[in-house]
Each structure stands twice: as structure tokens, then as C-alpha cells.
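These are my notebook entries on one structure. I set out to look up its salt bridges and then one of its sheets.

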There are 4 protein chains.
Amino acid sequence: MRFEKHRPIRAGMIGGGEGAFIGAVHRRAMAIDGQYQLVCGAFSRNSDNNLLTAAQLGIDEHRAYSSWQQLLAAEALLPEQERMQVLIIVTPNQLHVPISRAALQAGFHVFCEKPAGVSLAETQELAQELAQSHLLYGLAHTYLGYPMVWQAKQLIADGAIGTLRKIIVEYPQGWLTQNLEASANKQASWRTDPAQAGASGCMADIGTHAFGLAEFISQQQITHLCADLTSHITGRQLDDDGAALFRTEQGVSGVLLASQVCAGEENALSIRLYGDKGGMEWQQMEPNSLIVRGINSPLQILRAGKGQPGLCQAALDRCRLPGGHPEGYLEAMANLYHDFAKAIRAGAHGTAAGVPGIDAGLRGMAFIDTITQSSNSEQKWHTLPKQLHTAFTGVI
Amino acid sequence: MRFEKHRPIRAGMIGGGEGAFIGAVHRRAMAIDGQYQLVCGAFSRNSDNNLLTAAQLGIDEHRAYSSWQQLLAAEALLPEQERMQVLIIVTPNQLHVPISRAALQAGFHVFCEKPAGVSLAETQELAQELAQSHLLYGLAHTYLGYPMVWQAKQLIADGAIGTLRKIIVEYPQGWLTQNLEASANKQASWRTDPAQAGASGCMADIGTHAFGLAEFISQQQITHLCADLTSHITGRQLDDDGAALFRTEQGVSGVLLASQVCAGEENALSIRLYGDKGGMEWQQMEPNSLIVRGINSPLQILRAGKGQPGLCQAALDRCRLPGGHPEGYLEAMANLYHDFAKAIRAGAHGTAAGVPGIDAGLRGMAFIDTITQSSNSEQKWHTLPKQLHTAFTGVI
Amino acid sequence: MRFEKHRPIRAGMIGGGEGAFIGAVHRRAMAIDGQYQLVCGAFSRNSDNNLLTAAQLGIDEHRAYSSWQQLLAAEALLPEQERMQVLIIVTPNQLHVPISRAALQAGFHVFCEKPAGVSLAETQELAQELAQSHLLYGLAHTYLGYPMVWQAKQLIADGAIGTLRKIIVEYPQGWLTQNLEASANKQASWRTDPAQAGASGCMADIGTHAFGLAEFISQQQITHLCADLTSHITGRQLDDDGAALFRTEQGVSGVLLASQVCAGEENALSIRLYGDKGGMEWQQMEPNSLIVRGINSPLQILRAGKGQPGLCQAALDRCRLPGGHPEGYLEAMANLYHDFAKAIRAGAHGTAAGVPGIDAGLRGMAFIDTITQSSNSEQKWHTLPKQLHTAFTGVI
Amino acid sequence: MRFEKHRPIRAGMIGGGEGAFIGAVHRRAMAIDGQYQLVCGAFSRNSDNNLLTAAQLGIDEHRAYSSWQQLLAAEALLPEQERMQVLIIVTPNQLHVPISRAALQAGFHVFCEKPAGVSLAETQELAQELAQSHLLYGLAHTYLGYPMVWQAKQLIADGAIGTLRKIIVEYPQGWLTQNLEASANKQASWRTDPAQAGASGCMADIGTHAFGLAEFISQQQITHLCADLTSHITGRQLDDDGAALFRTEQGVSGVLLASQVCAGEENALSIRLYGDKGGMEWQQMEPNSLIVRGINSPLQILRAGKGQPGLCQAALDRCRLPGGHPEGYLEAMANLYHDFAKAIRAGAHGTAAGVPGIDAGLRGMAFIDTITQSSNSEQKWHTLPKQLHTAFTGVI
């Protein structure tokens, strides 16, 4: 018998040179399932950094481009069997939309770090660009790659905890407790600079994760926000901390909390959902457990892992190892890359099944717009704009 | 050598008959340190219940009074060595102030379940009454009796986590998830009845605990609130769920959350505080641990218990057993009773050192007033009234 | 309607003066449910300590006896309505049997700290004494008072985890890590002195708890032991650490581990049991949770508390508070005292339902004898002597 | 500036076809740091499976060999720049030594699943073979790749908990609770078959992990064992459960426990170590935390992650992500592969720094030999053979 030989998808990357954080994370996540080969990149505006990174990654020097514009131009000219198929964008926020749009125009799929952009307006333009293409757009809402997040979504859909009433979603970090941007910390510098990060710091960086997680698991749209954002460091221009009361279209009330000055906290994204029949809790730092509470039954802990009891297919599909062999953040992102590869191979366009796409991006931008407006206002409630595209028309 | 024989303090109780919840809790908590003897009571308006409860408690039939008015009148006539010294009030909220005032007028110390009353106005009258007396008033904010709550307060005072920036305090319960008041559940009925509970359900019942805990540990006054309260059951007149953004006088921002419809949650009061040097976390359901986070040091868990390393005197004083022998809710309340007895013996008046008093009561009522106003308003921030008495002039 | 007035049971105590540990614990545990009145004692051989303790406890000076012999003699002469009904023994181990026997001979019920004695032989004599009396004997295996221990026992009996195969029971403490007996630590001194503690230190003090817990929950008798005991401090005469492989009559294999030199451990008694259908885990330091594992179902955590789902009657009967209001060590011991009082009132003799009795004492002594023999032997397995009385003929 | 382009190490694999477990795990672990390219394999004796697996992995059909012998022969003939450099062995145990020896003889580095072989004798022959080569041998004791295991080792070496006294190491699993080998479960079948697994089931499969972890962290050699192994399933020929008391050369006493019939347990490898100044605890299922207990200081939890406070260099080197982004089992194995690649590139031979090697293999086999002998004996203690090679001469 003959079997067709597997060929990895050819990827390029913008950003992710030495000293960057998330680029190397993407490369490791891409590698886990053997679905991609990184063939080109523009890793840094610093030429040495760019060439060094390329060499370390085994990329030919002539495909280490000096700018993203050059990369797109040059790769488009290569023979089809050789040229990049998907562009991975791991730059500061303000470049996300310009590069994404140019890549789509040049005929490449895009997989982009979140947030989708720095304003709702530019992201809507990107959405139109995508709609007119036959290409895929994926957004690295990594936490939506965790198996137990899918399990939670399924249990909500199944009515396991009844009609939803309340959501508490929070994302405390502590790494900006001190004025890191005053020293030369690269991560801190761009994230606290409005020119690179957009109108929001903490809410754009991690509040969007909390927001997206809440909407994804609940499959409800948040319609009203009342927020109080702060910056706790003198001279810091963007919010490093905040919270919001919220309401969903279906009447769920909730609290969203995100902070980067919760000193000593690592990366404690968590969500709790309560319905009229039970409750549910998931914590990113113990991602393989999902706590399910009932009103007339003992607390249960569902556990990730191949063959584990009580898991839905979507959760099982996102596990590589038997229960008790911890999988983590890289594996969660690998799940997004896995599904994105599958969609590329299947010739899909728009949004890849299983991968947050442009709708998630639009929702995130609407969230950032509204929460910053709310924080600056004396009016209690602010309304999130609705959209024709929604996060809920697709698979995700 | 001769030693003076210990004589227990003679106590009376209003409320706490068969079928009540908190009365029996108080009786057990009083008993733990052997400082009290219950000598009289008006346990129930139902005569059989009243007499039965008295008999079960070993109280003479003639001191089982048919009403609180009768109790006060009759006890006042007894010889000094025999008559009640302190009155314990465990009735529904609307009777707290009337009985407290009458007891003070009749010359008895008062130890009252929280909240202090059903409005700030009546509680201020009570405060004046107390100020004119030479008697003590204690409020059963039981959670302030836990050793690790005192440890947390001390660490804040010592600057262990630096200048405070953020407080997250929450109190999720699930027991009102269903419409219990529709059945004959006594606890649910009065707590959801404005005539007995006052203007708020959940916030009066447990939100006050969260509020008091935050102010006690931080030793800061909350000045601004922005709240969203809800009732999730059709026909329920009082809030069963809610949250508020808040600010303190010193610029701390925070979130307060209380709910009785978080299905499956037991009694999950918790608090997290963050400063510019570290963070801290305490959970009532694991009360013997206090998590302390630093920005440049590993996480620590301080543990309650006699002789445990790192504890301040106030925490050690509130432990009866060596580490690893769990103490809980009854012991926390017993700590309040212990300190109240000490103050009675010392002839103190006003507030007993170590016991929440009238100032805590006033703060709690101001909180209830303000949070209900805020929830009904379209204006973002509402201001808590200040007061001459504060929770911070006394020891607690 | 008239109700009979409750009268507390009159108790006396040997040991438990100032500076002692467990006496005060017993007094608090006795007090919680209001079933006892301490009327007399011989608290210390030091006269001042004895009188001081009595005075602090509100006991008349003439009932603060200078020796246990005097107490028994004098109390026996008092009128029936006045004299002590039950004697509580909280002395070092070597006095347990002599006092217990004398108390029974003088017509008093006995409630004794564990272990029952310092040898199996003397404990068997005590058993005979008890058999000939019409009195009750209770042993303070406090951990058997926890609700979730009863829940575990019930689940095993119900076959919830199938046929038992394996038990892992352990009791690590750290308080003897240093040579405390070299300083004047009273607790350390007698526990490491063969003349006061008997043939074993750690195994007599806490190994018996682990052994008793395993036999109680499993309702199986351990028949074979292979042990390795050690003393890690130069000059310490008794074991401070050890472990044993074991087998039960029904073929369960297991490990028992007890140590007082596990530096930093508090009081970490725990047990895990595995059958052919599931497993179970209970930890004394989180006593209100019972973890239940199935092979084809998600992990469950049963939680103590009034009205909690999934609990058997025996567990519910041992809870005083709703779920989430932690109960602990004092409440566990209070459960033993509660049931002992009930049995006294009911006129029972021998063993009180719900309270470990002489059979538990005999098993504990057989365990101490066998484990010390095994540790001194080059032979692999040692057999525990069977007995006519067993821990399993009674309720417990 | 010019940078040398990174070239991945060319690897081959024996075993790991469709339906196997550990082969795919190795492939993912290899991929994470981009250090390897899988170029050939003999994945299955089933030809279709072999070819399918190769195709799925993007391996040329002509390098999908029908047997390991053929693979070695054919690869040896390829040009140096093309041929395999390292052979990865993921077969059942009985083939480990034969293939390892042949691979070394053919000039290939070996990275082998544990245990090293099925007897100490054959493993000693392998050790001699290796000694005479200029090649590297690595053993996939995956758990030794976790950062916090290295942190624990360093803390012991630094005397952070003083002179060691006690070790408790355990590895409970539940997956063989039922008679899986009676159905066609591939994993269960070979592991319970003496012809494929060797003299031991559970102890060879997972007991060796527990043993190796204890020796690695403590850097002490276990010299005495007293064991009780069992098979709980009728007809199962090899142990599925067992425990041993042990002693080390330096007088540490300990307990080792391994079981595959602890129903409901996942993969709960854990270790606790106690010295005269403190204790330490690590659990594989929460691998990013290391609990450190002191006798006069609060409990600390050290946490894995880039830049985390309190970590040694060896631990930091094994983290890819900041704290709070969970890394797990794949990343632990990836750490072994990472260090093995480094040693290959450095031209090292014998044992790769950071990777368990032949000495760990010999110790593991000595453990299996001794524990099975002990279990069949009535003599209490059995001695582990010493060896010239020890696990402690090398880096690991």
C-alpha cells in the first residue's frame, strides 16, 4: 500500500527576533504537531538580530527579509510549491492590521497575535478585506485552545448548569507592578506606549482574553459595560488595571477584572459561570481541571486527557496525552495551529473551524473601545456596538 | 495559695429557638472558652418552641420569657449577682436596633448579629444611645474573629505588601439559587422579605461581611461605589446577587462581589489585596492559611496555629490548637465572644477591643444604603457618607 | 406544655493542668454541645497548678483533689445527684490503665486519651474489668469523630469503590525534628520517655491513629506487619519515625507511615483507599472534603455540612453548620463527647455507639506491640494477635 | 554579519507506529525546540502501519525500514551528511538492550525509553559497549526533565533542608485496575507480559521512575530494600502494585510506593524529602510548583518560569515561558532532548550533561532485580548491588 507523504505548511513570520517573547512561543507551538515549516521571516528591524534569528531557525539567509513589505513582495514571486503559505504576525499591536491586510492582498493566509488591531474601525476594514479574499484569518486567543475551555463551552451548550445567570471572569497579572518601562524592558515598553499598543494597555493586552473567554464559553454577547480603569504608576499613559460590571443580551450579569499590577500574581486568568442548576470554574494556571458544581450533587472535577471520563469530543480532540501528564500553554496554542493547518489543507476561507477569527477580533476591538470610553465617562452603562459578523456565526 | 474562682458571664438571648440557624451557632461559640452561662432567653414567639428551647438549654422555665420586652423588664428586677449581664440578639434584622436600644436602656451589654439594623438612620440613633451609656456593644462579624484575618491586617499595617493599590473581595453563596422562600424555608423567607431584612437581601446579609472584611484588613474607608444588584428569581423582592466597583479614600481601586445564586458555592468569602510590593489572599473556606505573594520572592503560606512561624501576637492569641489541627467558624466566633467577655470583666464601655462594634455597624449600614442607591441610579459613582465614629478609632 | 430541663453530665478530669496540651482541648470539645459540666479534677501533682486550674475552670476548691486516688475516693462518697459521673483521663500514657481500672472499680464511666495503655497485657486486664462493670469506656481517637471519616466508612461498606485492594495511611508531623526534650518541653519529654510513654514513641502517639483510621474506615483487620522504625535524634530512646508494609485478613495490601521528624509538616494524617471500582482520599488538615475517584467517572469531592448532597446520615449527624462554614478538630472531638453523653443518658455499658472503645484500645495496643517487635526483627512479616473482642463487634 | 545556519540533528526511530503511545510523545518532545529532524524509522513490524506512519511524518518511503536491523544497516551506508545521527528506541522493554547495542556498534547515538533493559546483566553489557564507543546514550527518564526537579536537587545540595532523614516517593496510577490485557489493549498487553516487559510489571514501568527520582534529587544511593509486590488481577503474571521500605547509604529511611491499580489515580508521581532543617514536596501533576517547608519559617512555594524568584540556573534553563504559563510533560521530555542535542553537537560521549544515561539505567535495573527478589523472600532486607559506574559520577 502507498500512502501520501505529509508535507508541512510553509510559514513566514513578522516579528519574533531575539529579545521578543511571543515569537518563540509561536514557533514552539507550531512545531508540536509537525504541521508547519518556517521558511522565511522579517524577525527584527535590526539587521543583525534578523539574520541571527533566521540562522538559528535554519532559515536561508535570502529569506530573512529586512521588512515585512519586502517579505510579502519577495515571497509572492516565488514558485507556488516553494513560497510561504501563511504569515504569522507577532509584532506590537499597531502593525497587526496593516500587515494583515497587506498579507491578504498578497494572497497569504494570516495568523495574528491578538488583539486584531488598535481600533475597531481599522479592524472592520480588515474584516472587509478578508471577506473579499479566499483566505483564512486566525487570531491567537491562545486560551481558547485549551481542551477544558471547550469542555466548559459544551457543558453550557448542553444546559449542564441550566440557564446562565452570572459570569465572573478575571485576569490578574503582577509583572507591571513596578515601572519596568523606565528601564529598558522591551515587553513593558511597547505595551505601555499608546503609539504601539493603541488606546488601552492592560485591557487590550489581557482584558481582551478575559472578554473573549467569557463570550466563547457562554456563547452570549456582552452588551453593556460599566468600567473603572486605572494606571497605578506615575507617568504610565495606559491603564494597567481595571474592572467592569457587565450585562449580556440574555440578562446575565457579570464582572470582568484585569490587572497587571496584582503584585505576585503570575497569569491567573480564570472564569466562573453560574446558572440556575449549577456552576463551573476553570483556571488557566491549572488548565487540565474543570470544576463543576451542582445544587443537589457533589462537586465534580473533570480532567483533561485522552480517554478521560466525561469529556466531549471537542475536548478530547485537543488532548495529546493520557490524564495526569500535564499539558499546558504551548499545547493550547498548538491546538490553534493544528486546526488552522487543517483548514488550510481543506481549502477553507474566512475562519478556520476551531480557531478564533476575525469575528473574535472585531468583538475584542469593540470591547477595548467601549471599556475605555466607559472608564472616561460619568455615565453608568455603555453599550457595545453590535456587528453583522459575530463570533457566533462560525464554529468559534 | 488561693486563687479566685472564675465566674462565667450571665447571658440572655433573643431569638434562636428550634428551627433557627444562627442562635445555636452563637451558643456553641459562647461555650468554647467557658466564659458564659446562658441564664435566660426569649427564644421564640411560639410558646412551646420557647419553652422547649429553654429546657433543652438547661434554663429555668421562669427565665424563658415570652417576649424580649418581658425579658428586659424581668431581668432588670433580679438581684445583681443573678441577673443577665449581656443580651445576645439573633433575630431577623428589623428587630436588631429596637432590641439593642431597649437593652442598653435597661442596663445590659449587647452582642448582636449583623447587620446592626435596617437603616443607617436608626443605627445612628443606636450609636447615640450607646455613647450615653457605660455599656458595651458587639457585632457578630464572625469572619473578623479568624486569626489569619488579623494576621493579614497586621501585615498590611507593617507595609509587608507596600502601599495598597487594589482589593478584590467576594462572597459567593449558592443557597438561594432556587426559590426557597416559596417553600417554607425560614431562613430564606425572612432574608428575602423587605419588612424583616431591610432594603437589601444579599448585600445586607453577606455583602456587609465582604465590605467589613475589606475595610478591616486594609484599614481604609471605601468612599465611592458603583453597583449593579439583581434579583434572579421572579417575584423575589430583594437583591440576591450583585457587584460593585469601589474606590477608597487613599485611592485604592477594587471590586466587591456578593451573591446568593452562585449555584453550588458554599460560603466562599475571600479577599485579595495588592500593594506595590506584594499581594495577599485569604479564603474563609480554608481559613487557616494566608497566602502572601512578593514581587521578588517565592509565594509564602502563613498558617494558623499556636507557635506557628511568622504570626503576629493578635493572630496567635486567636489560635487554640497547634498548626494542622483545623479550627473553623465556631472558633472564629468564639474569639469575638472571648474578647467581649474580657472587655465586660474589665469594665470597658463602647466597643470591646478585638470585637467589631457600633462603628462597624454604622459602616455596614452606610454600605447597604449606598449600594442600593447606586444600583437604582444611572449615575456612575455614589459616595459613602462619612461619620464621626469610624471603625478605625477603636482597636478594630 | 412542660419540657424536662436538660441537666449536664458531671465530669471530672485527671491531668490537664496549666502547661498541658490535651486537657484544655478536651474541655473545649466537651463544652461545644453543652452536654457536660466539669465538677472536679486532679489537674496537676503541683498543688498550685492544680488549684489555679480548678479556679480558672470555676471548680470549687474542695473538689480540686491532690491526686487521682483522692479524687476517686472522695467523689464516690458524694450524693448521687452531686458526684462525678464520668472521669476524663488526660495524663501521660503509663497512667491510663491504672486510673481507668480504678475509676471503673469506683463506679465511674471513663473517657480516656489514647493509647489505652502502655502494653497489650494491661489493656486486656482493663477490658476484663470493663466487661464485669455496667459502665462505659471511651477512647479519644479524635479523628474518628470527623463526619467525612464516617462518610468514607459508609461508602466502603456500600461498595462504592468495590472490593478493597490497597490502603495508604500516613501521619507525618514535624514537631520532634529538633531535640525538644533536651530543653524543658513538657510534651516532648514524656512522649520520648519509655517510662511514661511505653515501648514506642511515634507509633504509640500517632501511628495508632493511622492504624485505627485504616481499620475503622475499611472495617478490615490488619493481620501482618513489616516495619522499620527509627530514632533520628542521638539519645532519643523511642522511635520518632517509621513505616510499615501491611496486609489485612481480606488480602488488602498497604503502607502505614508515621513520623514526627517530617520537618515542616503540621499534622498531616491522611488515608487513601483503593478498590476495584474506585478510590477515596481524606486528609485531616482539610477534613471537610472527601475525594472520591471512579474508574469511569469524573472525580467527586463530597463536602461536609448540614444538608450537603451525597452524605450519609452518620456524616450529617456529625455536622453542626451548613457547608462552607469550616468545622475542625475541636468539633470532631466534640462529636465523640456528644455520643458518649448520649450513651451515658441511655444507660448503655461497654462501648458507646459512635465512640471508639476498649476494642479500639486493644487493637491499638496490639499494633504497638507488633510494630515494635517487627522493627527489631530480621524476619519480614509479623502477625498481629487476634482477639475475642474486636473493634467491629460494636458500632465502631 | 554572517551567522551559521542551524542544522537539525537527524534522528531515526524504532517503534512508535500507529496505536503506540510513547513514540508520538517523543516526536512531539523532539520538535518543541527545533533541534531534530526525523529522517527514518522502523515504526512497526506491520508493513502498512510502518509505511503509513512514515508518510504521516513526512519521511521518505525508502527510509521507512521494515526492521531495526535493516534500518541500522542501511543508514550506516548513507553519506555522513545524510544519515541518521541518533536512534530513538520506543519499543517494548525486551528490545531495548539488543537495539541499543547494535546501534552503538553501528556508530549511532542512542536515546532510549526506560527501563534500559530487562535485566541488570544485559544492561551491564550495554554499559561496556558504550564505554568502548565514542557515542552518547540517553534514557528517557522524562520526569528528570522538569525544572522543579532540578530545583529540588539544587536545594538539597545547598543544604536548604539540612541533613536528609526521610524520603517518601510514590507513583500511583489506576489504569490497570481492570483486566485490560484480556481485551486487546496494546499498552496493557506488553506491559503485563514477562517476555516483553521483563521480571517486573509495575516496578519496571513506573517504580523505576520513583526510584530514579529519589536518587536523583537526594543524590544518595539506596542500599537496602524490603518490598511487598502484588498482582491484583487473577492471571496477571507481573506485579501491578507494590511498596518497599528502604534505606540509603547515608542512613536516610524511606518508603517507595508504585501501583497501577490505584483506581482513579492518573499519574500521581510525587516525592517528599525531609531533613533536619526542613522538608520539600514535588508532585508531577502540578509540576510547576515546589513546596518547601522550614521548621521556623512559613511554607514557601517556588514556581517554575522564566525569571521566577528563587530558582537556580538549572531550573531556569529548563523553562521556556514566564511563570503562570503552564509547561508540562512534553516540555519536560523536550528538556532531555534539548540537552542531548547539545551534547551531540559538542561531540560529547558517554552521558550527555542533563540527561539520564547508562548509570541511571544500571541503577534502575539493579532496583528491579532487587525489589523482585525482596518481594519473593521471607528475609527482611535485601541489598542493592553497587556498581563502578554510578548515577553520580556524571552530571546527572
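**Entry 1: the term.** Before looking at any pair, I wrote down what counts as a salt bridge: a side-chain nitrogen of Lys or Arg within 4 Å of a carboxyl oxygen of Asp or Glu. I also noted that side chains of opposite charge can pair when their charged atoms come close. The model I examined is a predicted one.

**Entry 2: a pair within chain C.** I looked up C:Arg363 and C:Glu215, whose side chains form a salt bridge with an N to O distance of 2.5 Å. This pair links distant parts of the chain, for C:Arg363 belongs to helix α12 (residues 358–375) of chain C and C:Glu215 to helix α9 (residues 202–218) of chain C, 148 residues apart.

**Entry 3: a pair between chains.** Next I turned to C:Arg293 and D:Glu265, which meet through their side chains in a salt bridge of 3.2 Å, N to O. I asked where each residue of the pair lies. C:Arg293 is in strand β12 (residues 289–294) of chain C, while D:Glu265 is in the loop between β9 (253–259) and β10 (270–275) of chain D, so the pair joins two chains. I recorded a relative accessible area of 13% for C:Arg293, which is buried. D:Glu265 is buried as well, with a relative accessible area of 9%.

**Entry 4: a pair within chain D.** I found a salt bridge between the side chains of D:Asp339 and D:Arg318, at 2.9 Å from N to O. The two residues are 21 residues apart and link distant parts of the chain: D:Asp339 sits in helix α11 (residues 329–346) of chain D, and D:Arg318 in the loop between α10 (313–316) and α11 of chain D. Both residues, D:Asp339 and D:Arg318, are buried.

**Entry 5: the wider search.** I noted a network of salt bridges that links A:Arg28, D:Asp33, D:Arg320 and D:Glu327. Over all chains, a search of the whole structure gives 72 salt bridges.

**Entry 6: a sheet in chain A.** I traced an open sheet of five strands in chain A, in the order β2-β1-β3-β4-β5, with parallel pairing. Strands β2 (36–42) and β5 (137–139) of chain A stand at the edges with a single partner strand each, so one side of each has no neighbour in the sheet. From one strand to the next, the twist averages 25°. I also followed β1 (residues 9–14) and β3 (residues 86–89) of chain A, which pair in the parallel sense over four bridges. Here A:Ala11 stands opposite A:Val86 in β3(A).

Technical notes: Residues numbered from 1 in each chain as written. Chains lettered and ligands numbered in written order. Predicted model: local features only at pLDDT ≥ 70, side-chain atom pairs only at ≥ 80, totals over all residues. Heavy atoms only, no water. Pairing = 2+ DSSP bridges. Axes fitted to C-alpha atoms, helices over the stretch in contact; angles between N-to-C directions. Buried < 20%, exposed > 50% of the residue type's maximum accessible area, 1.4 Å probe, protein only.
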